[in-house]
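Visitor: I am new to this structure. Could you show me how to read helix packing and salt bridges?
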Amino acid sequence: MVDASSILWTLVGVVALVAVATAVLLLARAPSPWAPALAVLRGTVQLALISLVLSGVIREPVWIAVALVVMFGVATTTAARRLGTLRTRLLPVALAMAAGVVGALGVVFLTGAIAFTPRYVLAVGGIVVGNAMTSATLSGRRFVELVDDRWEEVEGWLALGATPRRATADLVRRAIHAAMVPSTDQTRTTGLVTLPGAFVGAIFGGVSPLEAGRFQIVVLAAIIAAGAIVATALTRMLAPVATRPQSPA
């Protein structure tokens with residue numbers, strides 16, 4: 001059980017960290033300096049609620065499926081809004097993320113790399129969905145920005161008779177590469193620069209370091225697989241551009 005004193009000092013530490021981040025952004029006159037603080041506040045409330053909910057349903061497959069569906073819905077909506085309007089972006093984002101998440105989790109559990117149990121489905125599924133959302137946002141935004149910045153080049157290809165997909169083929173590849181950089185760097189520096197949350201959490205939960213490492217490397221590989229599928233699928237769906245897009249805000 002977590003006592004009141006631990007909760008109090010946790011809140012003190014979080015408030016102090018948020019205050020530092022906000023102060024730095026205000027001094028730098030960065031756009032939306034309060035956004036990180038609001039994000040932490042929202043995340044705190046959401047984690048508190050989901051912790052209460054999951055404590056009662058973590059062994060119920062039906063409710064775990066419901067939780068994953070809700071996570072997926074929120075993730076696709078968030079990523080789609082980062083790329084433009086929900087009306088135009090939700091479907092391609094949802095299809096790309098579904099392909100990445102289902103593909104990665106299918107390999108993980110069908111091969112037996114991680115046991116197909118409710119708690120592991122929830123843990124690995126949540127991590128993969130969250131990272132798939134990031135891949136969708138990074139690849140989609142980068143593609144739209146590249147098309148906007150290099151529209152004269154794209155327009156030149158179109159004028160020469162190239163199809164819209166061919167005119168943006170190089171930009172698709174660049175966007176995919178940009179989206180894969182964070183997960184690739186995270187994986188290649190694991191254990192040297194960072195100790196991932198799943199690894200640390202497993203150890204704190206009483207799992208041996210060797211078993212925790214095995215779990216973490218499977219998770220990292222799943223993140224990379226899902227990210228590659230999502231970035232490739234989404235940018236290819238966005239690739240046929242006939243008019244200059246507006247860079248996302």
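This is a predicted model: local features need pLDDT of at least 70, side-chain atom pairs count only at pLDDT 80 or more; totals for chains, interfaces and linings use all residues.

Visitor: How are two packed helices described?

Guide: Two packed helices are described by the angle between their axes and the distance between the axes. Here, take helix H8 (residues 169-188) and helix H10 (residues 209-238). Their axes come within 9 Å and cross at roughly 165°. Angles over 145 degrees count as roughly antiparallel, so H8 is roughly antiparallel to H10. The crossing of H8 and H10 is right-handed.

Visitor: Which residues meet between H8 and H10?

Guide: On the H8 side, they include Val172, Ala175, Ile176 and Ala179. On the H10 side, Leu220, Ile223, Ile224 and Gly227 are among them. By class, this contact has ten nonpolar, six polar and one charged residues.

Visitor: Now the salt bridges. How many are there?

Guide: The count comes to six. One of them joins Arg174 to Asp170, with the closest N and O atoms 2.9 Å apart. Both residues lie in H8, four residues apart, about one turn of the helix.

Visitor: Which residues are linked in a network of salt bridges?

Guide: Arg150, Glu153, Asp170, Arg173 and Arg174. Within this network, Arg150 and Glu153 meet at 2.7 Å, N to O.

Visitor: What about Arg142?

Guide: Arg142 forms a salt bridge with Glu145, at 3.9 Å between the closest N and O atoms. Both lie in helix H5 (residues 118-149), three residues apart.

Conventions
Residues are numbered from 1 along each chain as its sequence is written. Side-chain values use heavy atoms; hydrogens and water are left out. Axes are lines fitted to C-alpha atoms, for helices over the stretch in contact, and angles run from 0 to 180 degrees between N-to-C directions. Helices (H or I, at least four residues) and strands (E, at least two) are DSSP runs, numbered from the N terminus. Angles under 35 degrees count as roughly parallel, over 145 as roughly antiparallel, 65 to 115 as roughly perpendicular and the rest as oblique. A crossing is left-handed if the near helix is turned anticlockwise from the far one by less than a right angle, and right-handed if clockwise. Contact means heavy atoms within 4.5 Å. Ala, Val, Leu, Ile, Met, Phe, Trp, Tyr, Cys and Pro count as nonpolar, Asp, Glu, Lys and Arg as charged, and the others, Gly among them, as polar. A salt bridge is a side-chain nitrogen of Lys or Arg within 4 Å of a carboxyl oxygen of Asp or Glu.
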